[in-house]
Amino acid sequence: MSFGWQALPLYVTLVSVVTGILVFMLGEQRQHTRTALNLAGAILKLVLILIMLLAIQAGATFEFRLPLLPGIDLLLHADHLTMLFATLSAALWLVTTVYAIGYLEQSPNRARFFGFFSLCVAATMGVASAGNLFTFFIFYELLTLATWPLVVHRGTPEAFAAGRVYLAYTLAGGVLLLIGLVWLHTLAGGGDFVVDGTLAPIAAGNENALRGIFVLLMLGFGVKAALLPLHSWLPRAMVAPAPVSALLHAVAVVKAGAFGLVRLIQDVFGFELAASLGLTDLLAWMAAATIIYGSVLALKQSDLKRRLAYSTVSQVSYIALGIATGGVLATVGGLVHLVHQGLTKITLFFCAGNYAEAYGVHSVEELDGLGVRMPVTSVCFTLGALGMIGVPPLAGFVTKWYLGAGAIAAGAPWVIVVLVASTLLNAAYFLPLVHRIWFRPLPDTMAERADGLSRVRQIALVGPTAFVAITALAAGLLAGVPGSPLFWASRLVGAEAP
Amino acid sequence: MIGLAIDSVLALGIVWLALQTVRSVSMLQAVLMFIVFGLLMSLAWARLHAPDLALAEAAIGAGITGALLLVTWRRLQADGHDPVDSELPAQSKWLTIPTACAAALLIVIVGWIALQLPAVPGTAGDLAWQRLGEIGVSNPVTGVLLGFRAYDTLMEMAVLLAAWLGARAVATTYRPGALPGPVHVEVPLVGALLSLVVPISILVAVYLLQAGGSAPGGAFQGGAVLAAGGVLLFLTGRLEAAPRTSGLERVGLILGIAVFSLMGLMVMATGGHMLALPGAWAIYLVETALLLSIALSLVLLFAAAPGLRRMS
Amino acid sequence: MNPSAVIYLLTAAAVFGIGLYGLLQSRQILRQLLSINLMGGGIFLLLITLGGGADGRPDPVPQAMVLTGIVIAVSATAFALALLLRWHELSGSTELDADAIADAIADAVADAHDD
Amino acid sequence: MTTEALVGLIFLPLLGACATVLPGRLATRAGVLAGLLPLPWLLVVVTLAVVQDPALFVELGGFAAPLGIRLFADPLAVLMLWMVAIIGGLAAVHAWFDFPPDSPAGQSFWPLWLLLTSAMNALFLSADLFNLYVCLELVTLTAIPLIALAGSKTSVRAAMRYLLLALLASLLYLLGIALLYNATGTLDLYLIRTALTAAPPAAVVTALALISLGLLLKGAVFPLHVWLPQAHASAPGPVSAVLSALVVKTAIYLLYRLWLWSVPAGTLAAEHALMLMALLGAGALLYGGVLALLQERLKLVIAYSTVAQLGYLLLILPMAATAAWPVAWQGGLYQLLSHGLAKAAMFLAAANILHALGSDRLSHLRRLDQRQPLSLFTLAVAGVSLMGLPPSGGFLAKWLLLEAAWRSGQWWLLAVLIAGSLLAAAYIFRILAASLGRDDPTEAQPVAASRSIPVIQDAAALLLALLALGTGFAAAPILQFIEAGAPAAWSTP
């Protein structure tokens, strides 16, 4: 146990915890202090992560280990996967904080909101830097705890109903995970995350036990990753305020689940072992089914946020699909989608929030002609939608390209069919929205209404929206440039995969 | 043969009285039956070669408990009604008799087996007889209570203190000043009787205390007898309830525990064993303190008042 | 085997059983306390009988235990009677109602209104 | 030093209680401080001694067992003593404000509190079955008046019911002791083990059954729990905390001592008895959990949660006959510890809420995050431990229990453990959801503003909750300490 420089992942996590606790202690009234504190926390965290990035480039390693039980440690470390997820969440936290400050202006219970918001990010950080499954589980469950108050934040009966569903799913998932973990622990002890896993030596004779463990863990992670049929909490959780939706969908919750699947295949079982047990095929099929199913359901939604939610259900499974397909290209595709989907989807949710705040727009029909009224938001929305569809050269295209190429390389051409079908469906539920925004006339009722957003809020809301949209755009356009998400994902696989 | 006959009659009497205690419709009758039950039990103790218990049962089991039950009954039926059992639902009545019979049968069977066992060698009781000399008293029961198992006796004093504290706490919670009314009826000759009985009870108590070392008796029996004197004074109005516990009473209540523990701690501090009383003098000293605390606690519990004072 | 011991054994068992019956069948707190004291008496009797009381060389340890038990019984009874008086004062009743759950809910509602 | 420290743990609170009875304004304060403050220091001495020698005996009066009474300290006893010192201590801090030593209420409260502390310490240290009977009675006769101190009709009723059942339980225990003494000639918990093998099985089995029945009744083990919820819910806050965290555990502790120390391993159909108790524990876990979910008052939810959580402590028993026993034992004791801390925190927080809002009905808790933020935070943190979510002591306990159930192949235990945790999550989140609710716009008036309560009372509750959380990180040394004194697993025949 060392509390020095080595323990930086711990401190990065604690920054958000401390921010959260201080925000709770400040109370409701001290708005400016709270804003300053939130921003300071977010910036400090981002800076620390950038320092870690540079240090890792220079060959430094980070590790914090605390024995919890005999043979079980709390282990926080920083490998390349950690950094990919951590950087994404830290950056998006900062942006979302700015957005949330604007979004929640004048609304009640902001101290509570920002407090749990910070704890939620702390849990995400812990998930990112967890060095073994036990630690991962701790932060994964903390994430459940920290997000529940955000889901029920509005305090309406619908919010509490959604909260109940959310808890029922996530706690049940937690139970599956826990059982899987106990099983794994009794079989193999509490091994750390290591590339290609630690289970290969004990696989002989334990195949069915390992399959059972994998399925339990996969389902446990699948709940948060909204894998079919464990997804239905996600659309309901849309009752939460927009920044929460954005964070839940783009960064924290669904990504934690997807990230868990990545860790499970790459660092616990190892792709070879998982594939030889037939487990990757299982995951790939589940992911494929989710992709298609989510897209079809998204098509049917008339509520904008619910349409986006089903889109998330669909899109997050690209990550699982990429990992489960295996091979360098598909893995890169899956990992880079972790970032691409995050950036793109947060853009779309910010836009949806802006529409709702400015004109009370919630359903798809109400988008008619808003492009004139809210040009910046609408441009961002369009970029996000096209990115999701995978129009070249946007981020979504990069993902799909790699996934497709990887599928062929890995001998799984059926994946291409899924990708094409999904792309068509994506287009089918996103393009009509873009069409409505730009090419339908503004209804008369709308034309008479004054601008819905105050000047300050315009900056606080539209600014972050534009920022994430541009970042998403850049991630796609500049995918070949060193430092891009694709660059990192490739390095990750190239440097560490065999 | 005569002994067996006495035992049989005694046993039948005890069982009959126990039945009456639970079966009497009148609660007053039940309480009275219980008191007589206690007296017969005390005879049974005598027959079972347990004279210490006979004294304790008569003084405490029948005497003080009986007085407490009677005075409570009196206070409960302030509206003139003897509390009577209301009818139980038939269902639970069905279960009670078999349960009770099964319990009794169980005890008979186990007891029967136990009685037929050969004596276990080296029991705590055998050792107590053998090592009685180390304590400095010749009554083995006193030896166990103040010597070998002195710790039990000390904790038992704590139980008595707790009972008084608990009774005071529930009686006076948030209603300071509410005191039970006098329950006595002044009858001619009571004064003369009292002037005889009270000194006698003190004498008996002192006798029991000092006899406890070698003969039946001891602090508990003596304390109960002394308490009986106090109860009489209260019943006849010589003492009345006071709204506060006086300083002297407070000291008296804890005297037994305090002297006993401090003596034990002192022995330990001077290199001995905790609670190993250094000789007979120490036993008598501790017993005197215990006696005073027991008597005072019991009288105060009887009076159901925080304290007592002379009738003004 | 000493016949007196058998007699007292049977007595002890009977008294315990009668006490248990009284405790279970009565709803009067006072009677329940009497019954508990009866049960205690039965146990004390058993302890002394098994401790060789009928044989002339009694074991002093059970005697000391019973003496302690008698004092504890009177203490517990005294406190229970004080509590009973308090209960009577608060509720006007000398029994714990069979339908205590319904009552407890009523109490809870009343408390909430008091507040 | 060790002997003095052990004796001091019992006698300091006892003499402190005496001092609080004495006249004089300072006597009560002095008695409380002298009776409680030194306990942790004495415990440090005892703990260090037990680390050296995990089975410490002290012969009182210098008489060896079976003649005399021994005190016995091992890791289990020390763990319980620490709980008394910490939970009892923090609850006393909380009580200092509701029962100021100078007030009439304080005059009633503190002597009983100190006697209760002394009685629990004595109970956890005693090695003598009859002495344990006296200790049990002392615990009962101090705990029950403390419940009645709340003064309400409900509390007096609950106290009366508790008293009658506790007296019955004591008698069953005493009857068992009488039989055991007759069969073995000894009352020493640790000497009796060898004597029991030679004794007639019928008498011993009956005795063990009677003692266990009495203890199950005192320990409010399902279905003998009926007295507990009202008693724990209607008592004053600090009393509720100590009742749920410590007092009911005394009976469970004695069950452990009896079955795992006194009964020779694997004899006397003990496996069946342990399995039966585990089934009762499972029943408690499920029944208590469901009932907790149905309650409308915060303190009743917490009290039913105690009924449920006690179940875990019995669930470990059948694993004594399996290879998973060391893990099960650690899990059981960790549950004992973390539940005690979390439950005491919740009861103190509930008391604060009751004080501040004048009600603890769940429907009155809305907007609690603004009215009593610290209390809500305490409830949430303690709740996390209670549900067994990480990071908390409760989580580690449940992890160990799950691992033990898995290793021993007792799949039904696994299912019960999971169901218990999910039920706990359901009733805890129900409280939290009620606390975050908004004012109902259809209701005529919004909920009343809260009265302020001393910050120390909030802090005492919070500290306990944080300790429950903290045990989630301090398991390694504690488990190592516990391991040294674990009762040996039964070698399976």
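This is a predicted model: local features need pLDDT of at least 70, side-chain atom pairs count only at pLDDT 80 or more; totals for chains, interfaces and linings use all residues.
Between chains B and C, the contact draws on 74 residues of chain B and 67 residues of chain C. On the side of chain B that touches chain C, two or more residues are given by each of helix H1 (2–23), helix H2 (27–47), helix H3 (51–76), helix H4 (90–116), helix H5 (124–130), helix H6 (140–148) and helix H7 (150–172) of chain B. Of these elements, H4(B) provides the largest share of that side, with 15 residues. Sorted by class, the side of chain B that touches chain C comprises 48 nonpolar, 17 polar and nine charged residues.

Within chain B, the domain assignment gives domain 1 (1–118) and domain 2 (136–312). The contact between them takes 13 residues from domain 1 of chain B and 16 residues from domain 2 of chain B. On the side of domain 1 of chain B that touches domain 2 of chain B, nine residues are nonpolar, one is polar and three are charged.

In chain D, helix H2 (residues 25–36) contains the buried residues Thr28(D), Gly31(D), Val32(D), Gly35(D) and Leu36(D). Viewed down the axis of H2(D), its buried residues fall within an arc of 95°, and they therefore line one face of the helix. Arg25(D) and Leu26(D), by contrast, are exposed on the other side of H2(D). The packing partners of the buried residues of H2(D) are helix H1 (2–21), helix H3 (39–52), helix H4 (75–98) and helix H5 (104–125) of chain D.

Notes
Residues are numbered from 1 along each chain as its sequence is written. Chains are lettered from A and ligands numbered from 1 in the order in which they are written. Two residues are in contact if their C-beta atoms, placed from the backbone, lie within 7 Å. Helices (H or I, at least four residues) and strands (E, at least two) are DSSP runs, numbered from the N terminus. Ala, Val, Leu, Ile, Met, Phe, Trp, Tyr, Cys and Pro count as nonpolar, Asp, Glu, Lys and Arg as charged, and the others, Gly among them, as polar. A residue is buried if 20 or more other C-beta atoms lie within 10 Å of its own, exposed if 12 or fewer, and partly exposed in between; C-beta atoms are placed from the backbone. The arc is that of the directions from the helix axis to the C-beta atoms. Domain bounds come from an automatic or database domain assignment.
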